[in-house]
Amino acid sequence: MDIMLDNKKAAMIAEPLALPCGVTIKNRFYKSAMNEALAGRDCAPTEEHVRLYRTWAQGGAGVLVTGNVMVDHTQLGEPGNVAVEDERDLPMLRRWAAAGTENGAHCWMQINHPGRQSPITVNQHPLAPSAGRIEGDYGRFFADPTELTREQIQDIIRRFANTARIAKKAGFTGVEIHAAHGYLINQFLSPLDNHRDDEYGGRLENRARFLFDVFDAVREAVGPKFPIAVKLNSSDVPIAVKVNEQSGAPGGFNEEESIWVMKQLEARGVDVIDVSGGTYSKPVIQTNDGAAEDRRRGVYFTDFARRVKGELRVPIALTGGFRNAADMEHALGEGITQMIGIARPLALVPDLPNRVIRDGWRESVDLPRISTGVKPLDKAFGGILVISWFELQMHRIARGKQPNPRIGGMRALLFALKQHGPAALTPRRRKGRQ
Ligand SMILES: Cc1cc2nc3c(=O)[nH]c(=O)nc-3n(C[C@H](O)[C@H](O)[C@H](O)COP(=O)(O)O)c2cc1C
């Protein structure tokens, strides 16, 4: 009896999924976005993107979401981002899309604008819904933003649509709008970041207007039969903490608001909602000890997904913390997600979907503790260390090598310094202080 049940559940990961737009995905593996940090100063895709995505496509996932691609090369989220503003890189984008759609995989471009989360090392003039610096330890990595005018808002909406149009033309088979992790759309949604008094600020309907305008413009650009996903925070704190019986960051975008936004997106025709959480100051990845964090958290945002279950018909891709087939089967079986959103394990085991679906692999991918061996450095650069370490793994795959879990934290730090330049080490002087 139990064995039959297990087989039935295991088969769920391999089951195709029909999306509202009519497209069918071959299985439930949804490779979540990871910035590859492979573009040079020209923000153009490279031969290495092609190789990396070919490896992932051959690895068996149903959907590969690219790392975030920027709509404006002067407003990058991280050094090494690809930016797509016009058709100048169409030939290489075509090769990237072709590689990412081998083996029946879908390859969707994640489209983003960072708003004020654009590091000072790449951008001295960030833009945001409202002026105001990023609080907390990470604040020193960002310049103070200026408030967007309404004309600039309309320009960014057009840019999202234009980038989506070019993605489709290049052969990407879907797009994901990045509305999570504290970037521009998330800044509009959050009352902590958005202090506008025009139609884009104030009550939730107004704060969500920018996302809905972007969504509608992208839908118009790609047509009704093309998948559009939205990555959305369940709340702005990655682990829901109860604050006066209200979930979410005090005053931030919270779970009730997130559910309302999801329902509106469903009515507008979204195809997948990729559920995440966190911002730069409260990042989704919280420590440099991956395995310990996973033991503590399990699959991320599960409680939220249980709340959402039954409220929505649109497919959910719950993202974060999936490390083994048992947890994936359980989440699918419980009906709290329809796709398995998974990022870091695929930088270590790129053919994880094949292993699980074809070979019945039951092992867990243990994420390492990433340390420079120097405590103050680990403390100062914890989040950046983790990101850089996984970028190094992607770079190995992109060069035809195997991932190497033994890469040390000091190499990840040196890579971060190479990417950002020595300015990353220089704390900014706070106003009024020397
Ligand atoms: C190196 C790296 C780069 C990332 N880049 C992006 C990104 O470009 N866009 C995004 O939405 N999330 C990004 N993420 C977050 C992942 O998509 C995912 O939400 C997070 O890693 C949790 O999933 P996991 O536990 O399966 O890794 C990144 C994560 C890592 C490790």
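Select helices α3 and α4 to begin: α3 passes α4 in a right-handed crossing, the term used when the near helix is turned clockwise from the far one by less than a right angle, with anticlockwise being left-handed. Helices here are DSSP runs of H or I with at least four residues, strands are runs of E with at least two, and both are numbered from the N terminus. Helix α3 covers residues 90-100, and its axis lies 8 Å from that of α4 at an angle of about 65°. Axes are lines fitted to C-alpha atoms, for helices over the stretch in contact, and angles run from 0 to 180 degrees between N-to-C directions.

The model is predicted; local features need pLDDT of at least 70, side-chain atom pairs count only at pLDDT 80 or more, and totals for chains, interfaces and linings use all residues. Residues are numbered from 1 along each chain as its sequence is written, and side-chain values use heavy atoms, leaving out hydrogens and water.

Next, display the side chains between these two helices. Leu 90, Leu 93, Arg 94 and Ala 97 of α3 meet Ile 166, Lys 169 and Ala 170 of α4, where contact means heavy atoms within 4.5 Å. This contact has five nonpolar, no polar and two charged residues. Ala, Val, Leu, Ile, Met, Phe, Trp, Tyr, Cys and Pro count as nonpolar, Asp, Glu, Lys and Arg as charged, and the others, Gly among them, as polar.

The largest cavity holds about 930 Å³ of space. A cavity is a set of points on a 1 Å grid over the protein atoms alone where a 1.4 Å probe fits but cannot get out; lining residues have an atom within 4 Å of a point. Select His 181, Tyr 183, Val 284, Ile 285 and Ile 387, the closest to its centre of 46 lining residues. Helix α14 supplies the largest share of the lining, eight residues.

Note on methods:
On a 1 Å grid over the protein atoms alone, a cavity is a set of points where a 1.4 Å probe fits but cannot get out, and a pocket is an open set with protein on both sides within 12 Å along at least five of seven lines; lining residues have an atom within 4 Å of a point. Grid points are joined across faces, edges and corners, and a volume is the space filled by probe spheres set on the points.
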